[in-house]
Every structure is written in C-alpha cells, then in structure tokens.
Amino acid sequence: MIHAYDKMYLDKAMKSLAQMLDYAVYDLKYDITSFFDLFLSSGIATLFESGDVNTLAGRSGIELAWEVLGKSGIDYERITPNADSDRSEEYWAGWALAYYQWDTSMTFADIVRCVPIKDVISLYHPYHEMDIRQFADHMNDLIRRTQPDTNLKRLRMLAGFSQSQLADASGVPVRTIQQYEQRQKNINKAQAEYLVMLSTVLHCKPSDLIERV
C-alpha cells in the first residue's frame, strides 16, 4: 500500500487534525459538518493530504483551525482552547480520520462523501477502545458498500469492454479479471505486468486500478 506521506509525520498529523476538530466544535462553536466543509473548501485539506510539511507538522491543530477560517474569509477570535480537548469524540474522530487518510491515500472529500464526518464520530463507541487498524478495516467495509464496483470494473465499463473483450485485448486471463472485479483476488497485489497490460488497454495509469481501501 502506498501511503499519503512519510510515516514520520503521521503522529503529529493525527494529533493536529484531532485538536483542530475539537477546538472548532467546543471553542469556536462550529457545527462539525460545517467546519469540515470549510476545511475541504479552504484548500487546507489538500495540503494535509499531499503531505505538506508545514501543514502536517508546522502548525498545531488550533493554528490549523485559524488558518481554515482565514482562508475561508471568516473573521474569528483567537480563543484559548479548552484544557480537556483530548477527551472528546470529535478529537478521536479527527485522530482516527487522519490515520485513515494516510493509510489509504484517499482524499478527505472522498472519505466523507462515503462516510459523513458525523458518522465517523458515531464510531467512537466502540472503536476508540480498539486498535486503529480495526477502525480502518470497518471504514473500508463502509466505503465498499457505497462504492461496490472496483476501479477495474468502473474503468472497463467506461471503456466499453466486456470482461472477455478486455482479456483478449490485454492478455490478462478473463478469470483473473473476474476475480479482481469480484474482490476474490486483491488487485493491489497483482503482478506489475498485469497492471501495465490492463492500464494500457484502458488508457489509464496502473495506479488508477489500485483499490485505496
């Protein structure tokens, strides 16, 4: 799996996003969905996703919240944060969501399009007491339910190929294509040669066939 950025920044990124959401809700008094929408539209989310070091490690979560508001053209007061900010469900949701974004390399927009931020918060019980990988596995299941088709199937259909036609054109066995599309085989572990053969016919990059979850 290719992660969104170097793991050395992950712990700081998780704490920063956690603190940002907690501060936005409990100190700035924003609705979590409204503030997360600002986070996405301000461009800060894109910097976060791409591993911008200043965004990941150069600012606290509180400073990130201020920057989101500033980039959104909103006047704000630099309120002193609540001392208990690391105990809220919103804090945990930001912490867990930052890990999931790093782990999958999905954009925050794509993640919350499938699993809204309030639904992420609702997973606090029982996942805050579990290993973060269990949260990630559950998120993968939720996202697969909203996106039942694999990238391979979506791109194949967009190109107008049947499975057998794609097999004939690419040289990849039709049974293998079926197994990838039905997730009986993990395309992320496919031979590089197969990814190149398929992507050449489908006029896409080999990485476009990878399943982020």
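Okay, let's start with helix α2, residues 32-41: its buried residues are Ile32, Phe35, Phe36, Leu38 and Phe39. They sit on the same side of α2, because they cover an arc of only 155° around the axis, taken from the directions from the helix axis to the C-beta atoms. Buried here means under 20% relative accessible area, exposed means over 50%, and partly exposed is in between, with a 1.4 Å probe and protein chains only. Helices are DSSP runs of H or I, at least four residues, numbered from the N terminus.

Quick caveat: this is a predicted model, where local features need pLDDT of at least 70 and side-chain atom pairs count only at pLDDT 80 or more, while totals for chains, interfaces and linings use all residues. Residues are numbered from 1 along each chain as its sequence is written, and side-chain values use heavy atoms, with hydrogens and water left out.

Back to α2. What covers its buried residues? The cover includes α1 (10-26), α3 (44-49), α5 (61-71), α6, α7 and α8 (117-121), with contact meaning heavy atoms within 4.5 Å. At the N-terminal end, aspartate 31 is the cap, with a side-chain oxygen 3.1 Å from the backbone nitrogen of threonine 33. After the helix comes glycine 43, with a positive phi near 95°.

Now the aromatics. Rings of Phe, Tyr and Trp (its six-membered ring) pair if their centres lie within 6.5 Å; planes under 30 degrees apart are stacked, over 60 edge-to-face, and the rest tilted. There are 11 such pairs in the structure. Take tryptophan 92 and tyrosine 124: edge-to-face, 5.8 Å centre to centre, 80° between the planes. That pair joins helix α6 to helix α9, 32 residues apart. Tryptophan 92 also pairs edge-to-face with phenylalanine 135, centres 5.3 Å apart and planes at 80°. Phenylalanine 135 is in helix α10 (residues 132-146), 43 residues from tryptophan 92. Tryptophan 92 is buried at 7% relative accessible area, and phenylalanine 135 is buried at 1%. Phe36 and Phe39 turn up again here, in one aromatic cluster with Phe48 and Phe108.

Last, the backbone. Most residues other than glycine have a negative phi, and most peptide bonds are trans. So which residues stand out? Serine 105 has a positive phi of about 65°; its place is the loop between α6 (89-104) and α7 (108-114), and it is partly exposed at 24%. Histidine 203 has a positive phi near 55°, and it is exposed at 75%. Finally, the peptide bond from histidine 125 to proline 126 is cis, omega near 10°.

Key: Helices (H or I, at least four residues) and strands (E, at least two) are DSSP runs, numbered from the N terminus. A polar contact is a pair of N or O atoms within 3.5 Å; within protein, one must be able to donate a hydrogen and the other to accept it, and residues adjacent in sequence count only if both atoms are side-chain atoms.
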